[in-house]
Amino acid sequence: MSTLEKTRTLESKHKLLRVSGSEALILSLLEEKVDTIFGYPGGAIMPIYDALYNYMDRLNHILVRHEQGAAHAAQGYARVSGKVGVCFATSGPGATNLITGIADASIDSTPIVCITGQVPSHLLGTDAFQETDVLGISMPITKWNFQVTRAEEIPEAISKAFYIARTGRPGPVLIDITKDAQFGMLDFKYEKCEKIRSYQPYPTLRASQIEEAAELINKAKKPYILAGHGILISNAEKELLELSEKADIPVAQTLLGLSCFPPDHRNYVGYLGMHGNYGPNIKTNQCDVLIAIGMRFDDRVTGDLKQYAKQAKVIHIEIDPSEINKNVFAHVGINADARYTLEKLIPLVKKNDHSDWINEFKECDRIEYEKVIKDQIHATTPKIKMAEVIQILSDITKGESIIVTDVGQHQMIASRYYKFRKPNHHVTSGGLGTMGFALPCSMGAALGAKNREVIAIIGDGGFQMTLQELGTISQYKIPVKIIILNNHFLGMVRQWQQLFFEKRYSFTEMTNPDFVKIAEGFRLSAAKTLERASLVEDIKTLLSNEGPSLLEIEVDKEDNVFPMVASGDSVANIRLE
C-alpha cells in the first residue's frame, strides 16, 4: 500500500458519520450495549421509530400495550440483569403514562433510561397537540432529566443518562427529544461518560468511621444486621455473609433485600417489616448495636419512630447521603458503597460467638410457627390459603425461580413463604406499592434473564390494572408463568377494614371476569384451581407448560396476613392474630 493510500485509509477511518438525530440516538444506545427496548410509538417519536426500523437485527423492541407497562418492564429487565433498562414513549399522554413507573423506579433505586418524543422546539410552550411539560412533571422523581432541542446534543445526553442512571444510588433518567432534533443532522461521535463535575456517585470512605463501626460491633452483646436492597445493588452478598459468620451476627432482610442472604443459614432470622417475621421485628427494640446496610429505614420497617431501637447504637451504611439521619439517628453514619465498606470493615471485626442472642430469634420463630405459620401452610380450611400456595411453589422450584409480585396480601405472603436461594430473584414494588406492577415487570424480567424461570404472583385486583400486557406476552411468546391468587377482594384494604374499621367493607369486594377465558383470548394456556386436592399437580402443570401460561387459584376470601404491625405502632407491638 502506497503512502497516499495509507493516508486516505486513515482519513476514512477517522471520518465522522453523518446521521440524523434519530439515528444518533439508536447508535448511542448500541454504544451503551443496549439490546432490548420497551416502548409504544406515536407522532412525536415517530422519527426515532423510523430509524429503529433499520436496526431491528441488533435491537429487540417490545411493543407494550400501555406505556406504564414499558416503564415497569424496563424495571424488571434492570432488576434481574444488572443492566440499565430502556423504554420509549411519545409526547403528551405517552410520556405521562410513564410517570408511575418512573416514580416506582426512583424510590426502589432501579436504573432505567426513558426516552420521550416531544413536539418541535418552536412549538414548546404553545399547548401544541400532545405537548406536556414532561420535564417539569418528572423532575421530582428522576435522578436527572434533560430536553434535547438540537440533534448534536443527543450523543452526550444519552452518555450522561446511562452514567447517572447506573452509578451511585441507581435510579431513573428521562431524556425528552423534540421532533426537529430527531430530524436534524449531525456528525456522530460517541464518548462514554466517566465523570460529571459536581456529581460524586461514590463518596470517599473515611477510615475513622470504619474503625468506630468495628469498635461498636466488637463490643456488642446483641448486634443485629438489617440487610437492604443496597446489598444486592452493590453485589455485596458474599461480604455480608462473611461479616455475619465472622462476628456471628443475626441477619434480617428488608422487602427489597430479600434474596441477599441464604434463607437456611443459621444466622438468618427472617424478613423485616409490617408483615414480616415476629423475631426480626421485636428484636429490633432489644439489640444493642443495629447495623443497617443499604436500607433507608422506611416507615414499614420502623413503625413508630419514637419507639424504634432507642436502646441501640446505630451504624448506617448507605450510599445516598440524604438517607443517613433522615428517619433514624446514626451514631456512625457511613456514606459509601455497601460492598466497599464491608470489605474494609471485615478485617477490623473480631471473630465472635453470639449463639445465645441468635437462639432468642429461634424461640420467636417457634412462637410464630405455632401461632401463625402452621395453620397457614398445613391448612384444613375448606378454601385454599395463599401461604400454602407459595410454600408449595417454593418447594417445587427449590427456591430458585425469579418471583415477581404485585402489591397486596399476596405480595406479603410471597415475601414470607418463598425461600429465595439466589440473589436478585425477588422483584417487587416496594416504596411506591404500585398495583399492576407485576405483569409488565415480569415480561422485562423474563427478557433480562432468559435462562431463568420467571413466575408472576398477582392478586385479582392488581392483575386487572395491567392485564392488557397479556397481549405483549402472547405476541412475543415471553415465557412468564402467571399465578393469580383470587380472593374476590382488594385483600389488603379489606384486611384493614376488618381489623380497624369494624368490617365495613367499603368498595373492596370485586366481581371479577373469567380470567381463564381472558388469557385464552390472548392465546395463552390457562387453567383454574378450585380444590386443594389438585393444587400441587396444577402448579406442576403450569410450570411444565411451554411458553407463557396462567393459573388462577381461588383462595380464602377473608384470609389475613399475620404477623402485622399496625400503622404507626411500635414494632414491639407486632400482632400474631
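Start by selecting Asn 218, which sits in helix α10, residues 207–219. Keep in mind that you're looking at a predicted model. Color Asn 218 by accessibility and you'll find it partly exposed, with a relative accessible area of 22%. Now show what's around it: beyond its neighbours within four places in sequence, Asn 218 is in contact with Leu 348, Val 349, Lys 350 and Asn 352. For a sense of scale, draw a line from Asn 218 to Ala 309: they are 91 residues apart in sequence, and their C-alphas are 19 Å apart in space.

Next, head for the greasy part. The largest nonpolar core has 73 residues, and Leu 240 and Leu 342 are the ones that touch the most other members. Helix α17 (residues 386–397) gives this core its largest share, six residues. A separate core of 52 residues lies apart from it; to find it, select Ala 446, Ala 456, Ile 478 and Leu 550, which are among its members.

Go back and zoom in on Leu 240. Which residues does Leu 240 touch, not counting those up to four places away in sequence? They are Ile 225, Ala 227, Ile 231, Val 251, Cys 260, Phe 261, Ile 293 and Leu 342.

Select Cys 364, which is buried at 5% relative accessible area. Its closest cysteine sulfur, in Cys 287, is 13 Å away, so that's too far for a bond. Then try Cys 441, also in no disulfide, with the nearest cysteine sulfur, that of Cys 87, 12 Å away. Cys 441 counts as buried, at 0% relative accessibility.

Technical notes
Residues numbered from 1 in each chain as written. Predicted model: local features only at pLDDT ≥ 70, side-chain atom pairs only at ≥ 80, totals over all residues. Heavy atoms only, no water. Helix = DSSP H or I, 4+ residues; strand = E, 2+ residues; numbered from the N terminus. Buried < 20%, exposed > 50% of the residue type's maximum accessible area, 1.4 Å probe, protein only. Contact = heavy atoms within 4.5 Å. Core = buried A, V, L, I, M, F, W, Y, C linked by side-chain atoms within 4.5 Å. Disulfide = S-S within 2.5 Å.
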